[in-house]
Amino acid sequence: MSDHPVFAVVGHPNKGKSSVVSALTQNDQVKISPVSGTTRVSQRFTLKLDNSTVFELVDTPGFQRANKCLAWLNRQEVSADQRPQRVKEFVSHFRETKEFMDEVELLTPIINGAGIIYVVDGSLPYSPEYETEMEILRWTGSPRLALINPIGGDTFVDQWQQALNQYFSLVRVFDPLHASFDQHLQLLRTFGQLDTHKTQAFDHAIEELEHYRELKLQQAARIMVENLHRLLTWQQSSRRLEQAAKERLNALIPDEIARFNCQLNQMEREGQKQLEALFLYHQLESDIAQLQVHETELMDETQWSLWGLEKRQLILVSAGAGAAIGLIADVGLGGTSLMTGAVSGGLLGGISGWLGLDWIKDKLPAWLPYSAEKHLLGPVRDPNFAFVILGRALSHAQAMLAHSHADRSQLNIRDEQLKRMQSLELKTQVRLLKQCQQLRKEGPQSKAADKLRQWIYQQLTA
Ligand SMILES: Nc1nc2c(ncn2[C@@H]2O[C@H](COP(=O)(O)OP(=O)(O)OP(=O)(O)O)[C@@H](O)[C@H]2O)c(=O)[nH]1
Ligand SMILES: [Mg+2]
């Protein structure tokens, strides 16, 4: 026997057995589908901590011929002490035949020492047809826990509880699609009680699991600040703009801006993917719209103020943080004269004598400076940009953390998340903007970066 606990997850077809396995082992590769009979052979999944296995769950097919199975077991009169042996006889008798494929598959791990986790659906009424399955499981004599999965609501949970209490020493309600991390831990502690010899070791492993989660969240905050820094400082080598100015090639400009935008998007998505990999999501898609900055004006309602701050807020916050005065003045004027403000703020770096500048400045969006000396486009100069990036990163991370590994649907970034940066206190917004400005200047090793990481970590654990 392995030195970690092993549990077989069993029950009727289509009751969420695979979903329970997927959620608890944090494995999004477990096969789950609305089609009854999806799982045909038993498959083992483990939850590992570094390289050691905390526990193992065996995903099994549902009972198909429970009545016939129990009838076979009953064919010989056996006393209670001989029942586990009788179940073993059943498995070896039918192992090579096709007659009881599903029952053989699901009973094999149990007779090999696995504890039992029996899954039922709490939204459907209890009915005596389940008694046959529960009776067979009782015959095995193995430690047993029942899980009521409220697939479509909890209407019949109490009824189930009454029935299950008679067959199982422990009965719990667990929703694999919506349970929080704390609820996972609670359930795992219950697993530990099933095997009394290992309860202490198991409790210890669960503590480590909790600690490991904290470390991962800290790591997530680090990744998010690094990515924020990358986006805030992104500059793209754009020699083509000079050529465009010389030859008055209008068409090149939108091309360069689109390329810039595409890079921002890619960097943002890479940051999200790093987080997904850290938390073991391999096939997550989200409904968050792409970060679209190329065609928008500084204060475009649909993108910038959607994720970032509203215009009025941004003026207040920028003033509080001492952000580039030119920018604020221009925001106040409605954004049209922004480029003048940007030039007077020195953003274009002493190249006002360059002839192509006037031509280019009319073509580039206000938030996107161009250094003709260095042939560099960017970085984005809008103070709202930091809020947009932070808001989007946090929304993605929180939605991901709340998304069960058993949930095969898209990551849903809820509407109320859009306003998250706007609903912070003014003093928090000012502090964040200052820290982002420092992060841009001093990099991810700075004190400001530390403060940002701490704040993000708090948000993720709130
Ligand atoms: N809404 C909701 N759906 C669930 C829940 N648990 C499972 N489901 C859905 O129910 C269907 C069956 O889930 P599975 O985990 O594949 O069930 P199973 O018991 O392994 O099914 P078989 O392998 O076919 O016996 C899937 O479409 C799941 O997404 C739940 O808690 N809530
Ligand atoms: Mg299954």
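Trainee: Which helix gives the most to the lining of the largest cavity?

Mentor: Start with the general idea: rolling a probe the size of a water molecule over the atoms shows where empty space is left. In this predicted model, the answer is H8, with 5 residues in the lining of the largest cavity.

Trainee: And how much space lies in that largest cavity?

Mentor: About 140 Å³. The structure holds 1 cavity of 30 Å³ or more. Two or more lining residues come from each of helix H8 (199-232), helix H10 (252-278) and helix H16 (383-401).

Trainee: Now the ligand. Where does ligand 1 sit?

Mentor: In the second largest pocket. Its surroundings amount to 20 residues, with Lys17, Ser19, Gly37, Thr38 and Asn149 the closest. Helix H1 (residues 17-24) supplies the largest share of that shell, 3 residues.

Trainee: How many residues of each class are in the shell around ligand 1?

Mentor: You'll find 10 polar, 7 nonpolar and 3 charged.

Trainee: What polar pairs can I check by hand?

Mentor: Pick oxygen atoms of the ligand and look for N or O partners. A side-chain N or O atom of Thr39 is 2.8 Å from an oxygen of ligand 1. On the backbone side, Ser33 has an N or O atom 3.3 Å from a ligand 1 oxygen, and a polar backbone atom of Val35 is 3.5 Å from one.

Technical notes
Residues numbered from 1 in each chain as written. Chains lettered and ligands numbered in written order. Predicted model: local features only at pLDDT ≥ 70, side-chain atom pairs only at ≥ 80, totals over all residues. Heavy atoms only, no water. Near = heavy atom within 4 Å. Polar contact = N/O pair within 3.5 Å; in protein donor to acceptor, adjacent residues only side chain to side chain. 1 Å grid on protein atoms, 1.4 Å probe; cavity = no way out; pocket = protein on both sides within 12 Å on 5 of 7 lines; lining within 4 Å. Sits in = over half its atoms within 2 Å of the grid points. Helix = DSSP H or I, 4+ residues; strand = E, 2+ residues; numbered from the N terminus. Nonpolar A, V, L, I, M, F, W, Y, C, P; charged D, E, K, R; others polar. Points joined across faces, edges and corners; volume = space filled by probe spheres on them.
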